[in-house]
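The sequence and structure are shown first.

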Amino acid sequence: MKYSFFLLFFYTQLLPAQKLSKSDKEIIQNLKREIGYLASDSLEGRRTGSHGEQLAAEYISAQFKNINLVPKGDNDTYLQKFEVNEGKQISPATVLTINNDELIREKDFFPFLFSAEKSLEAVASPAFKENGTPWFLDLRDLTENEKDNPHFDLEKAIKNKAEDFAHKGASSVFVYNSDEQYEEPVFNKYSDANKVTIPVIYLSNQAARRYLHDGSASLDINLTVAFGDKVESGNNVIGYIDNNASGTIILGAHYDHLGYGEDHNSLWTGERAIHNGADDNASGTSAIIELARLIKKSKLKNYNFLFICFSGEELGLYGSKYFTAHPTIDLEKGNYMINADMVGRVNDSSRRLIIGGIGTSPGWGKIIPGKERFFKISLDSSGIGPSDHTSFYLKDIPVLFIFSGLHSDYHKPTDDTEKINFIGELQVIKYIYQIVAATNKMDKLAFSKTKEPKMDNPRFSVSLGIMPDYTYSGNGVRADAIVDGKAAQKAGFLAGDVITALDEMPIHDLYSYMEALGKYKKGDPAKVTIVRDAVSLTFDIIF
């Protein structure tokens with residue numbers, strides 16, 4: 001009976017927009033203010049380790065302080081600092097002078113990450129290849145017959161040529177590009193190519209014009225190459241309500257986003273731009289702030305509450321992984337974790353709401369209705385997914401993942417505040433609150449393992465160019481939208497197509513889809529089998 005009463009009470013709270021209460025309107029105004037700030041250009045996309053991320057952390061901390069939450073970060077603050085290893089960087093010890101001019105690192109030149117870390121002094125001419133001297137390589141010689149080859153890997157071609165030059169007696173290789181129409185290489189901080197035995201340097205077009213215009217002139221070269229780990233710092237923001245209870249409910253969301261898209265995780269194909277991330281995930285962050293405000297004023301006292309806004313999610317769940325490895329509460333007493341990630345774009349017509357993690361506790365089935373008056377609920381059982389709840393599930397804590405669905409602005413600069421459905425997000429907040437209220441009178445939820453997808457290759461270097469429909473429960477992966485300029489659009493895919501195979505690999509769900517993508521590299525061909533209007537079709541694509 002108590003669950004029936006709960007559901008009846010819940011339905012009466014989901015009123016049409018014209019019947020919003022005073023408290024509802026206050027929440028909406030708060031959401032507009034919070035998302036408006038977090039997704040403003042002044043925060044420059046809140047990339048982990050950036051000044052914008054720091055400003056966001058300070059803002060969330062101020063909200064938690066205003067709500068009178070107990071700080072649960074480091075040293076009695078709201079902030080928990082962690083490090084993000086972002087691959088390699090060029091050390092300040094790397095120096096190049098030509099004819100006594102010191103070139104600017106990463107503007108005039110850069111060493112490839114497969115370069116040997118050495119120092120040398122030499123006199124050389126671009127026109128000659130003498131034993132024991134620097135040799136020069138024009139990219140035109142590598143690329144003039146390769147521009148239409150989808151399998152061509154420029155970095156690999158440069159490395160192979162450098163190895164050949166080293167074998168023939170070069171002391172170093174200076175790469176330049178006399179064809180300015182060809183895109184210049186950039187330093188690849190994640191390159192896993194094996195080292196060559198000599199330094200390999202790229203000279204920018206500007207530097208090449210300055211020093212190589214007379215191909216027979218001798219150049220006095222002084223070079224030192226060194227690399228180091230690139231480490232950034234991020235901060236989780238953590239507040240706590242201490243009810244002197246034996247267990248704690250954890251509510252979280254990530255607040256970081258993509259910055260300018262410099263980590264190659266953007267779907268934007270236009271000019272460099274700020275990715276404001278209003279839905280992803282200023283919406284979830286503001287939801288956590290408003291839930292903290294509601295619960296602090298409530299009579300929910302049977303559990304303590306931890307409110308945590310993570311950074312580092314977009315780079316690989318760094319913040320939540322760090323917290324679960326270095327918790328500021330006893331995780332053994334954690335009842336469950338709810339993760340709000342992208343809850344600001346509820347569609348007014350479909351009213352879809354995706355809830356993941358339903359299989360992580362048998363208790364969820366008693367609380368989460370399969371059908372609901374306001375939302376059309378889509379349930380997924382797995383505790384593992386592309387967001388921070390995964391870190392808690394892996395610590396044997398029941399989780400829920402609340403998500404309002406993908407859209408065409410996902411991971412693009414167009415994910416802006418004016419596109420947020422504030423009334424829809426209000427209803428999501430109410431929905432989460434009522435789940436919390438229902439569990440307040442229940443014993444600690446039992447944990448259940450769910451079917452765990454193979455995640456051996458969580459990072460993949462290619463994209464088909466679809467936005468998956470997370471509400472689809474049939475066999476395969478249904479495309480909710482097609483990304484402009486990507487392989488799927490070029491091949492003629494349409495929204496609604498269901499992918500059932502990549503080459504000989506069957507696609508049953510998102511996890512098998514991600515596992516299959518991990519086997520491809522840029523330029524690889526593939527045959528993609530789809531179902532469209534009950535008809536099976538096969539497309540040839542190039543990643």
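## A buried serine

Ser91 counts as buried because its relative accessibility is 16%, where buried means under 20% relative accessible area with a 1.4 Å probe and protein chains only. The model is predicted, with local features needing pLDDT of at least 70, side-chain atom pairs counting only at pLDDT 80 or more, and totals for chains, interfaces and linings using all residues. Residues are numbered from 1 along each chain as its sequence is written, and side-chain values use heavy atoms, leaving out hydrogens and water.

Ser91 is found in the loop between strand 2 (79–90) and strand 3 (95–98); strands are DSSP runs of E with at least two residues, helices are runs of H or I with at least four, and both are numbered from the N terminus. Leaving aside residues up to four places away in sequence, Ser91 touches Arg105, Ala226, Phe227 and Gly228, contact meaning heavy atoms within 4.5 Å.

Four strands form an open, mixed sheet in the order 5-9-8-7; two strands pair if DSSP finds at least two bridges between them. Strand 5 (109–111) and strand 7 (134–138) stand at the edges with a single partner strand each, so one side of each has no neighbour in the sheet.

Strand 7 pairs with strand 8 (residues 172–176) in the parallel sense over five bridges. Trp135 stands opposite Val173 in strand 8.

Technical notes
Buried means under 20% relative accessible area, exposed over 50%, partly exposed in between (1.4 Å probe, protein chains only).
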